[in-house]
Amino acid sequence: MPTSPASLDQLPIRILTPEDVTLCADLSEDRGWLREEHKWSLLLTAGTGYGIDDPDGKGLVAASVVTSYGPELAAIGMVLVAERYARQGVGRRMMHHVIASAGDTPLTLHATPNGQPLYEQLGFVQTGRAEMLRGRFTATEPAPEVVTRAATAEDLQTILRLDNEVFGLDRTHMLTRLPAFADQLRVAEEGGEITGFAAAWPNMDTHVIGPLIARDTATAQALVASLAAATDRPLRTDIDVRHEALVSWLKANGLAPIAFNAVMVRSLPDLPGDWNRRFAPLTVAAG
């Protein structure tokens, strides 16, 4: 017998753990998303996952993950509801729970067109857009001659300081996981000063580029090109659409647009930090 909407309202919402990665990947697949076990593992380790178990023992009814950056901001992502429970208010209930759990902490998320109306009803406002691009990097249009190299352990403190300045908040708990999470972590350098950094991490059959922090577009291009040179996989990345020159350059080098996601915030006017040097996020967990 199908679970009634009233019964769905009574199902407990529990904290997910890294042991729930397979259940979360199954839920992603159920909704036509990639399984993305590697990303789920990072998010469930560095953030707080919430889930509703299917009373029929068929995995998860719904899930979401919140990554905290302290009392000034938390990011919501991977808001998913199993297809068999779609359009029954489960996603709204999950979001109400996440918002209540956050208390006074401002929130941000990347919204798909399908999810955006719900988030607007819950008090989120759009402040920007990100364009998702994917494809094999052709190097048809060369990158500027900016020096890049593989990051070393000695670079980590400098990377953390630069990221704090650009992102506007302390992401130490995420960035210190990058060397193990990513296949590549590179820095751009001029006169002995690190002017940007970027990572490429494996996600199914692609390498995702993010975070991408750079002094200017030329530095961002050089970092992307250096990461692309060391992989034979297609690249995927999500670029702030205000960086028009980088988006155009990536398209000229073989990456094609997949989708646009709305960047949304709740209880703050805009994201902190310096968007001019913030080209791509570490992960996008749109819902």
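**Group meeting: a walk through the model**

Met-78 has a positive phi of about 55 degrees, although it is not a glycine. Is Met-78 buried or exposed? Its relative accessibility is 0%, so Met-78 counts as buried. For that word, the cut-offs are under 20% relative accessible area for buried, over 50% for exposed and partly exposed in between, with a 1.4 Å probe and protein chains only.

Before I go on, a word on what you're looking at. This is a predicted model, where local features need pLDDT of at least 70, side-chain atom pairs count only at pLDDT 80 or more, and totals for chains, interfaces and linings use all residues. Residues are numbered from 1 along each chain as its sequence is written, and side-chain values use heavy atoms, with hydrogens and water left out.

Back to phi, then. Arg-87 is another residue other than glycine with a positive value, near 60 degrees. Arg-87 is in the loop between β4 and α4 (90-102), and at 72% relative accessibility it counts as exposed.

Now the whole chain. We have 10 helices and 13 strands. The C-alpha atoms fill a box of roughly 65 × 35 × 30 Å along the principal axes. A compact globule of 287 residues would have a radius of gyration near 19 Å, and this chain has 19 Å, so the two agree. That radius is taken over C-alpha atoms, and the globule rule is 2.2 Å times the number of residues to the power 0.38. Buried residues make up 53% of the 287.

What about the inside? In general, nonpolar side chains in soluble globular proteins tend to be buried together. Here the largest nonpolar core has 41 residues, and Trp-40, Ile-76, Met-95, Tyr-119 and Phe-124 touch the most other members. Apart from it lies another core, of 27 residues, including Leu-42, Ile-159, Leu-169 and Ile-194. By core I mean a set of buried Ala, Val, Leu, Ile, Met, Phe, Trp, Tyr and Cys residues joined through side-chain atoms within 4.5 Å.

Across the chain, take contacts between residues at least 6 apart in sequence: 74% of them join residues at least 24 apart.

Next, strand β10 (residues 206-214), where you'll find His-207. With 7% relative accessibility, His-207 counts as buried. Leaving out residues up to four places away, its contacts include Asp-183, Trp-201, Thr-231 and Arg-233.

Last stop, Pro-71. Where is Pro-71? It lies in the loop between β3 (60-68) and β4 (74-81). Pro-71 counts as exposed, at 68% relative accessibility. Setting aside neighbours within four places in sequence, Pro-71 is in contact with Thr-105 and Pro-106. Pro-71 and Pro-106 are 35 residues apart in sequence, and 7.7 Å apart in space, C-alpha to C-alpha.

That's my tour; over to you.

Terms used: Helices (H or I, at least four residues) and strands (E, at least two) are DSSP runs, numbered from the N terminus. Contact means heavy atoms within 4.5 Å.
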